[in-house]
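Please examine the sequence and the model before reading on.

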Amino acid sequence: MEKIIEIKDIGLCYQSEDSEVSALKNISFDVYKGEFVSIIGPSGCGKSTLLSIIAGLLKPSRGSVDILTERGLKDVGYMLQSDSLFPWRSIRSNCCLGLEITASKTKENLEYTDSLLKNYGLWEFRNSYPSELSGGMRQRAALIRTLAVNPQVLLLDEPFSALDYQTRLAVNDDIFKIIKNERKTAVMVSHDISEAVSMSDRVIVLSKRPGRVKSICTIDFGKNRGTPLECRDRSEFKDYFNSIWRDIDVHV
């Protein structure tokens, strides 16, 4: 498999009022082209911090992240927890925002954005405003906005956390389908074990702070794995869930 992200010995310390605090320590793993990798762990273990380091938004205290594509960090798209759509812009205009920011609003890129809207059920809503769409449709629009600049790597920071449970299950399927159809590599931060197992090829479990790689679980539902919702009904699902649950340091 072709390696697309190489994370070597990442550590992050920050200064509190009284002392230096270690947030992440000795984190190393690789991500391969076309993979869907989830990062999971107890609250406060540094999952989102690690994602920000991969995106180049934070500089680690030690270690390195290499994006092994021709455009490097320009090949990385970042999808936040909230959809962050501008309420005064239409859905199509929101989806073109990245093209405007990167000065790449070419005819070819606009046609690609329109094709995403058509392929994933939002074309008829292209002139609508975010307030007129359901939560699931807004998340699809947010993903299309991220895909419009055609990144090879997608970083997803708990992208379903604002949705109710039923909508969340449906949107898991939608987002998974879009990412696979567009042949993107994805790294997702989640606090939901079921979500991580049902969507991922591998799940990276971080320890409590300072976050370290405690285990890496390879998820294999076979060639005909189906949708995330279908994976939840597979016999292997419970075993993967229990294995990851045992590795997470959760204290109630």
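**Exercise 1.** Locate Pro210 and state the geometry of the peptide bond from Arg209 to Pro210.

Solution. Pro210 is found in the loop between strand S8 (202-206) and strand S9 (213-218); helices (H or I, at least four residues) and strands (E, at least two) are DSSP runs, numbered from the N terminus. The peptide bond that joins Arg209 to Pro210 is cis, with omega near 0°. This is a predicted model, in which local features need pLDDT of at least 70 and side-chain atom pairs count only at pLDDT 80 or more, whereas totals for chains, interfaces and linings use all residues. Residues are numbered from 1 along each chain as its sequence is written, and side-chain values use heavy atoms, with hydrogens and water left out.

**Exercise 2.** Determine whether Asp9 and Glu158 are buried, partly exposed or exposed.

Solution. Begin with the cut-offs: buried means under 20% relative accessible area, exposed over 50%, and partly exposed in between (1.4 Å probe, protein chains only). Asp9, in strand S1 (residues 3-15), has a positive phi near 50°. Its relative accessibility is 23%, so Asp9 counts as partly exposed. Glu158 lies in the loop between S6 and H6 and has a positive phi near 45°. Its relative accessibility is 14%, and therefore Glu158 counts as buried.

**Exercise 3.** Compare the span of helix H4 with the expected one, and identify its buried residues.

Solution. The expected span is 1.5 Å times one less than the number of residues. H4 has 13 residues and reaches 18 Å from its first C-alpha to its last, close to the 18 Å expected. Its buried residues are Leu110, Tyr112, Thr113, Asp114, Leu116 and Leu117. Their cover includes H2, H3 and H5, where contact means heavy atoms within 4.5 Å. After H4 comes Gly121, with a positive phi near 75°.

**Exercise 4.** Describe the largest nonpolar core and the surroundings of Ile179.

Solution. A nonpolar core is a set of buried Ala, Val, Leu, Ile, Met, Phe, Trp, Tyr and Cys residues joined through side-chain atoms within 4.5 Å. The largest has 29 residues, and Phe36, Leu143 and Ile179 have the most contacts inside it. Its largest share, six residues, comes from H5. Leaving aside residues up to four places away in sequence, Ile179 touches Phe36, Leu143, Leu154, Leu156, Lys184 and Ala186. Apart from this core lies another, of 26 residues, including Ile5, Ile27, Leu50 and Val189.
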